[in-house]
Amino acid sequence: MDCVQAAASGPIERLIVLTDTLNHIASLRRTTLFLVCAFALLFSSARADEPSKAGVPEVKQEDAEAVPKFDFAAAAAGYEISIGKDRLICEPSQIELLKWSNPVRGSPAGTVFLWHHKGAPQAACCMFAYRNPEVKGDFLVNHEFVSLSTDLIESKSNEGLVWKTTMPGIAWQEVPESPPIAKTRSARLVQMRDLASKFTGQIGKANNVREELRLLRQPIYRYPETSDRDGAIFVFAQTTDPEILLLLQTDPLATGSQWSCAFARMTMFPCWLSHREKEVWSVPSLNPKVDSDTYRTFRRVPWKAVEEK
């Protein structure tokens with residue numbers, strides 16, 4: 001037995017074992033390389049067959065780089081909003097509430113601003129850019145205003161009066177089947193998100209086709225803690241482009257207070273809003289040349305880019 005073991009561990013036998021081991025390792029490497037290549041091929045094929053998300057066309061890199069940084073904030077600062085017979089001046093929001101783009105409609109940049117009185121929203125403006133069909137490489141900008149007030153609104157700029165309503169922009173109504181008002185601010189935000197999720201929005205397209213809009217779960221505006229009420233604004237969007245505004249509000253200190261809701265358009269297309277599959281609000285399409293009293297679009301507004309520091 002000892003002689004056999006000694007013979008088996010001789011130099012020739014060890015060379016044979018080493019050769020077999022090296023061949024085995026080389027075989028494993030070839031197999032691994034084959035599997036990696038096969039996986040890469042299958043993955044690239046799957047990606048090629050994958051449809052674009054929600055039918056949204058991809059934006060070419062050169063197009064994205066060609067879009068300037070529009071100074072929408074400076075444009076918003078040029079407007080003054082007042083409400084009611086006493087012309088109470090509304091306070092502008094200090095931030096851009098929602099930055100968006102909409103490749104479906106060829107809008108590479110847009111943002112939403114808001115004016116409030118004691119925390120309660122009174123008016124919103126959506127500013128957005130789109131490519132000039134007449135001049136290559138140029139852009140045009142529209143300012144889209146909507147009343148969120150139960151009072152009458154006046155808007156002024158350095159050019160004078162630019163917008164004046166003759167009727168309220170919204171009408172508050174109780175939210176169906178709403179729960180008792182939560183006692184804490186954080187709990188009320190949870191409630192508002194849950195209430196908003198019970199609504200569904202649609203926008204009209206050609207041939208009377210309705211397109212489902214996407215609810216953005218994060219409200220674009222929340223009433224400040226200094227307000228005597230609590231509330232928020234939610235958005236139903238196409239991509240991230242706001243089309244319908246859903247306003248929720250309550251007076252948490254009032255006896256027997258309930259959640260109230262109101263709705264406003266942010267588009268010229270027809271819109272519908274349903275609560276638990278029951279339609280609760282709708283607006284028709286608007287003539288591009290004749291805006292409604294509470295919705296006004298200023299077209300081809302002069303614009304400037306953000307100055308680089």
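**Ground rules.** I am working from a predicted model, where local features need pLDDT of at least 70, side-chain atom pairs count only at pLDDT 80 or more, and totals for chains, interfaces and linings use all residues. Residues are numbered from 1 along each chain as its sequence is written, and side-chain values use heavy atoms, leaving out hydrogens and water.

**Helix 5.** I looked up helices (DSSP runs of H or I, at least four residues) and strands (runs of E, at least two), both numbered from the N terminus. Helix 5 covers residues 185-197, and its end C-alpha atoms lie 19 Å apart.

**Which side is buried?** I checked which residues of helix 5 are buried (under 20% relative accessible area; exposed is over 50%, partly exposed in between, with a 1.4 Å probe and protein chains only). They are Arg 188, Leu 189, Gln 191, Met 192, Leu 195 and Ala 196. They share one side of helix 5, because their arc around the axis is only 160°, judged by directions from the helix axis to the C-beta atoms. Ser 186 and Val 190, on the other side, are exposed.

I traced an open sheet of five strands in the order 10-16-15-14-13, with antiparallel pairing (at least two DSSP bridges between two strands). Strands 10 and 13 are at the edges with a single partner strand each, so one side of each has no neighbour in the sheet.

Definitions and conventions: Expected span 1.5 Å × (residues − 1).
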